[in-house]
Amino acid sequence: MTTPGTLAELDEERAGSVASDVQSSLANDRIIVVANTLPVRCERRPDGRGLTFCWDEDSLLLHLRDGLPEDMEVLYVGSLRADVPAAEQEDVAQALLDRFRCVPAFLPKDLSDRFYHGFCKQTLWPLFHYMLPFTSDHGGRFDRSNWEAYVLANKIFSQRVIEVLNPEDDYIWIHDYHLLALPSFLRRRFNRLRIGFFLHSPFPSSELYRSLPVRDEILKSLLNCDLIGFHTFDYARHFLSCCSRMLGIEYQSKRGYIGLDYFGRTVGIKIMPVGINMMQLKSQLQLPDLESRVAELRKQFNGKTVLLGVDDLDIFKGINLKILAFEHMLKTHPKWQGRAVLVQIANPRGGSGKDVQGLKAEIEESCTRINEQFGRSGYSPVELVNRTLSSVERMAYYTVAECVVVTAVRDGMNLTPYEYIVCRQGIPDLDGGDAPKRKSMLVVSEFIGCSPSLSGAIRVNPWNIDTTAEAMNESIALSENEKQLRHEKHYRYVSTHDVAYWSKSYIHDLERSCRDHFRRRCWGIGLGFGFRVVALDRNFKKLTVDSIVADYKKSNSRVILLDYDGTLVPQTTINRTPNETVVNIMNALCADKKNVVFIVSGRGRSSLEKWFNSCPELGIAAEHGYFMR
Ligand SMILES: O=P(O)(O)OC[C@H]1O[C@H](O[C@H]2O[C@H](CO)[C@@H](O)[C@H](O)[C@H]2O)[C@H](O)[C@@H](O)[C@@H]1O
């Protein structure tokens with residue numbers, strides 16, 4: 001289990017090495033950021049003719065640009081949150097490319113449903129949040145057609161990438177669980193492409209992950225990347241143990257870097273929790289609307305202590321557990337009756353499936369029961385806000401809240417506590433009076449990615465209603481001084497580990513992981529007898545003999561792998577024994593200390609050993625690798 005200290009230390013160590021040489025070597029390169037959705041909002045014009053677009057300022061992917069070198073071009077590939085009829089797609093694609101450097105992937109409706117609502121939301125989302133998806137509630141079986149739709153959708157994303165790709169100069173950065181199959185499609189085409197991946201959701205324990213029928217395909221696809229990023233040490237650890245148990249691939253750790261060897265490449269593992277966009281949040285704190293909204297809320301909750309929850313309406317956010325814990329707190333600490341209010345914002349963005357409808361009904365029922373039992377004139381203990389709030393409204397709630405409570409049963413990261421801390425720092429006159437005192441309190445689930453980074457938060461097991469109720473009581477009852485100290489500690493961390501810090505660190509490691517792609521040279525040579533040489537580089541491009549000879553002379557360490565039939569002897573000959581020239585060439589190659597030479601063949605060991613008896617330095621991998629000399 002990692003501690004905040006060790007994670008932070010690892011960050012600092014790495015950040016120190018985000019040196020200017022890396023930044024300058026990245027300048028003029030281009031990065032293609034691929035995610036399920038583009039960081040643009042679109043709306044149909046009121047007259048129904050065409051769409052209008054603007055940047056989605058709430059999108060994390062939009063702000064990762066802040067950590068990249070200024071002159072690094074960023075291109076986005078992803079889908080739009082809108083149905084675009086086929087007749088409009090070309091114009092929309094052109095407009096998005098020209099104005100936003102965005103490349104849309106249009107998926108047919110049926111495919112998109114089976115990809116997103118099917119495999120993403122019915123299989124991967126529950127599994128990655130520790131719920132076995134193949135129970136009777138979820139159809140009782142693995143739906144292979146949804147997986148096929150997922151693969152096909154990923155292929156369509158890869159085609160959009162390939163259309164704009166410059167394989168020698170571009171970096172690819174793929175995001176989240178929707179696109180786990182994408183690296184395979186890209187690597188298959190471009191062996192030297194620089195590919196990074198970041199998983200925003202949790203990666204579950206191997207004991208759960210192993211139940212997925214397509215577990216190997218997904219792991220292998222991820223291993224086609226050069227760098228795989230996770231929010232926490234635990235998610236990375238689970239991934240590594242899946243690779244070990246399911247694929248037999250072990251990792252090595254050297255000077256703080258973790259790597260796995262896969263088909264001749266080292267795949268780096270990066271642990272780096274994401275942060276928020278400090279600049280954007282700070283500028284929003286200056287908005288005049290915010291002040292007036294804060295004043296309204298202060299009036300509404302005058303004399304009350306506000307505990308706040310801000311969650312997507314999703315079954316893994318533990319919203320009902322929070323409401324039940326609050327109810328328990330009112331019972332066990334009656335002094336809060338009439339004085340404490342839980343405001344729960346339930347953002348309906350998450351979806352509208354059967355699960356979500358059931359969850360909504362359950363939450364509403366709990367709220368009604370608590371308000372009937374403890375409410376009185378002018379006091380409703382639980383206020384449920386069942387709509388999507390603007391960022392200004394959300395910030396106003398943060399500003400008036402004494403404590404934020406996150407009881408998700410699993411969440412990749414969860415940035416609600418971070419936003420809250422910055423909002424509480426931003427408004428100086430929280431207490432009124434002369435000396436502004438900034439304070440904030442957090443109760444957070446131990447099952448969410450931000451938990452290890454927030455050492456001043458009260459951590460809870462959200463399934464335990466009693467201890468969560470106690471934590472809520474403790475958080476609001478703590479001394480003012482203690483609340484200030486915890487706030488200061490959190491603010492220091494959150495303000496220095498923002499989204500720009502995250503992307504800067506990620507791209508630095510991606511560059512480092514890919515550096516030796518261009519250092520190591522690799523050819524495949526087929527000798528057709530009659531001595532016609534066909535040499536191919538890693539991208540299957542034909543090479544000239546001159547360029548091979550030049551590279552050969554330059555290199556200090558060479559591995560030469562030779563097939564036997566069709567390479568050392570003609571394919572058509574009946575006598576398969578190598579002639580004297582071939583044996584001499586083998587010995588000459590082996591005599592050079594810079595060379596390691598192997599014959600790699602499906603032939604039996606006895607004939608190869610006999611034929612090359614006079615070449616003691618020559619390696620033999622016979623019988624398709626079952627025998628090695
Ligand atoms: O619902 P989706 O469209 O499938 O997207 C899933 C969620 O993506 C975002 O959350 C994820 O990334 C966050 C930042 O790294 C992380 O805090 C969170 O734990 C991840 O699940 C988005 O913020 C959510 O609203 C989406 O539901």
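Predicted model: local features only at pLDDT ≥ 70, side-chain atom pairs only at ≥ 80, totals over all residues.

**Strands, helices and domains**

Reply: Happy to! Residues are numbered from 1 along each chain as its sequence is written, and side-chain values use heavy atoms, leaving out hydrogens and water.

Me: How many bridges join strand β8 to strand β11?

Reply: Strands are DSSP runs of E with at least two residues, and helices are runs of H or I with at least four, numbered from the N terminus. Two strands pair if DSSP finds at least two bridges between them. Strand β8 (residues 227–230) and strand β11 (residues 265–271) run parallel, and the number of bridges joining them is four.

Me: Which are the edge strands of the open sheet of nine strands?

Reply: The order is β5-β4-β1-β6-β7-β8-β11-β10-β9, with mixed pairing. An edge strand here pairs on one side only, which leaves β5 (102–104) and β9 (251–254).

Me: Are α15 and α16 roughly parallel or roughly perpendicular to each other?

Reply: Axes are lines fitted to C-alpha atoms, for helices over the stretch in contact, with angles from 0 to 180 degrees between N-to-C directions. The axes of α15 (residues 391–400) and α16 (residues 416–426) come within 8 Å and cross at roughly 70°. Angles under 35 degrees count as roughly parallel, over 145 as roughly antiparallel, 65 to 115 as roughly perpendicular and the rest as oblique. The two helices are therefore roughly perpendicular.

Me: What distance separates the centres of domain 2 and domain 3?

Reply: Domain bounds come from an automatic or database domain assignment, with domain 2 at 278–496 and domain 3 at 543–628. Taken over C-alpha atoms, their centres are separated by 68 Å.
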